[in-house]
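Thanks, everyone. I'll keep this brisk. Please put the model up and we'll walk through it.

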Amino acid sequence: MLRFDKIVRFMVVAFIVGGVVGLVGGLVFGGGNTAAAPDATVSAAAGESQAVSGRSGSAETQKAAPMTAEGAKAIGANEFGLIPVLEYHKIGTPESQWTRTPEHFREDIALLKSAGFFPINLGDLVDLSIDVPAGKSPIVITFDDSSPGQYRILEDGAVDPDSGFGILQKAAEAGGWAPRASFFVLLDVRPNDNVLFGQPDRQTEKLRSLVSSGYEVGSHTVTHLNLKKAAEAEARKQLAVSKATIEKYVGGGYKVRTMSVPFGEYPADDALLASGEYEGMPYSYKGAVEVTGGSSLSPFTKGFQPLHIPRIQVTGSALQDLIDMFSANPELRYVSDGDPAAVSAPATLAKKLGTPLSELGRPVIRY
Ligand SMILES: [Zn+2]
């Protein structure tokens, strides 16, 4: 009887110890995933597989640590905050206020990094798929007009380290930054230099390498068409042809979903941008950017209009002014909880952030 009792006690102890060991093992495993995630994100510098592993790294983090109110508060998450969408034109030797020198652009990225920003594509914004590390603030970098300084290949085949693409790639390789930005390209304009970054024999290669590295290529129409003044048939033609042509060049099932409206001149009816058809060629755009207007509202708020996303022109001290504004008004800033599957924010929001959408199709955590 006593002996049997001992055996039972031994079994109970063994069962408890085994359970605890299993639990500890599980925690260690979860911790390992969490630790691995930032590396995976950081290493997402170039190449499709790395970009993909960066994404799955974040998904692992999400599995290991579901968001809680305490966690969101500790991070200071506010996913109803403003998201700046930056607008760049030329990168190169100064010609006008629209040109950023390579040194300027490098400094811009360094400034954004040190101020806690982390890049996403415009398509991620309109898809409500904002995947940046906890505590970071998303930023969208956009380029209009596909001028040569945005992406140049040198005679030896290397990417020009002073071109926009070269500078962004270097920033991603250095860590704390991802290969994300949106390039709105032209297909038939004078000067030819603005046709897909110049270098006619390199066009397909450039579009493919942008997309496979993690960047987005969107439409800026075929000829930089003024959609407000253009006949509706011409507008539909260019919206359809630009999308189809970019998709053909990139290949691999790539879909163009965003555009930059030339001159910020919108057609009379947004429906023309949203979707249409030209000679049996259908098109649709989920997101479109304006040329001015300041930071964007969070896509999780009622005021967010995906076809009218405002931008900030990066000229002079505009970027420093933006960072100063967020330092003075931290309650306006979008701060990620690190979990793309949940939306976290303080219980009380600044009025300027507008009203959260009532149905987000995902958990909302307020603290
Ligand atoms: Zn333009």
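Let me start with charge pairs. A search of the whole structure finds 11 salt bridges. By that I mean a side-chain nitrogen of Lys or Arg within 4 Å of a carboxyl oxygen of Asp or Glu.

Some ground rules before the details. This is a predicted model, in which local features need pLDDT of at least 70 and side-chain atom pairs count only at pLDDT 80 or more, while totals for chains, interfaces and linings use all residues. Numbering runs from 1 along each chain as its sequence is written, and side-chain values use heavy atoms, with hydrogens and water left out.

Now the pairs. Asp-162 and Arg-106 meet through their side chains in a salt bridge, at 2.5 Å from N to O. This one links distant parts of the chain, 56 residues apart. Asp-162 sits in the loop between β5 (137–144) and α6 (164–174), and Arg-106 is in helix α4, residues 102–114. Helices here are DSSP runs of H or I with at least four residues, strands are runs of E with at least two, and both are numbered from the N terminus.

The cut-offs: buried is under 20% relative accessible area, exposed is over 50%, and partly exposed is in between, with a 1.4 Å probe and protein chains only.

Next, Asp-127. Its side chain meets that of Arg-257 in a salt bridge, 2.7 Å from N to O. The partners are 130 residues apart. Asp-127 is in the loop between α5 (122–126) and β5, while Arg-257 is in the loop between α8 (232–250) and β8 (258–260). Asp-127 is partly exposed at 29%, and Arg-257 is partly exposed at 29%.

Asp-127 also forms a salt bridge with Lys-286, where the closest N and O atoms are 2.8 Å apart. Lys-286 lies in the loop between β10 (281–284) and β11 (287–293), so this pair ties together parts that are 159 residues apart in sequence. Lys-286 is partly exposed, at 42%.

On to the metal. Which residues are the protein donors of the zinc ion? They are Asp-145 through OD, His-220 through NE2 and His-224 through NE2, lying 2.1 to 2.2 Å from the ion. Donors are N, O and S atoms within 2.8 Å of the metal, or 3.2 Å for Na, K and Ca; water is not among the atoms, so sites may look incomplete. Along the chain, the spacing is D-x74-H-x3-H. Asp-145 is in the loop between β5 and α6 and His-224 in the loop between β7 (216–219) and α8, so the two tie together parts 79 residues apart in sequence. Both Asp-145 and His-224 are buried.

Look at Ser-146, also in the loop between β5 and α6. Its phi is near 40°, a positive value in a residue other than glycine. Ser-146 is buried, at 0% relative accessible area. Phe-263 has a positive phi as well, near 60°. Phe-263 is in the loop between β8 and α9 (271–274). And there is a cis peptide bond from Arg-190 to Pro-191, with omega near 0°. Pro-191 lies in the loop between β6 (182–185) and α7 (203–213).

Now the whole chain. We have 10 helices and 14 strands. Of the 367 residues, 49% count as buried. The largest nonpolar core has 85 residues. Such a core is a set of buried Ala, Val, Leu, Ile, Met, Phe, Trp, Tyr and Cys residues joined through side-chain atoms within 4.5 Å. Those with the most contacts inside it are Leu-86, Leu-125, Ile-141 and Leu-168. A second, separate core has five residues, among them Met-67 and Ile-365.

Last, confidence. Mean pLDDT, the predictor's confidence in each residue from 0 to 100, is 86, and 82% of residues reach 70 or more. Over residues 1–62, though, pLDDT is below 50. Where pLDDT is low, the predicted coordinates should not be read in detail.

That's the tour. Thank you.

Terms used. Contact = heavy atoms within 4.5 Å.
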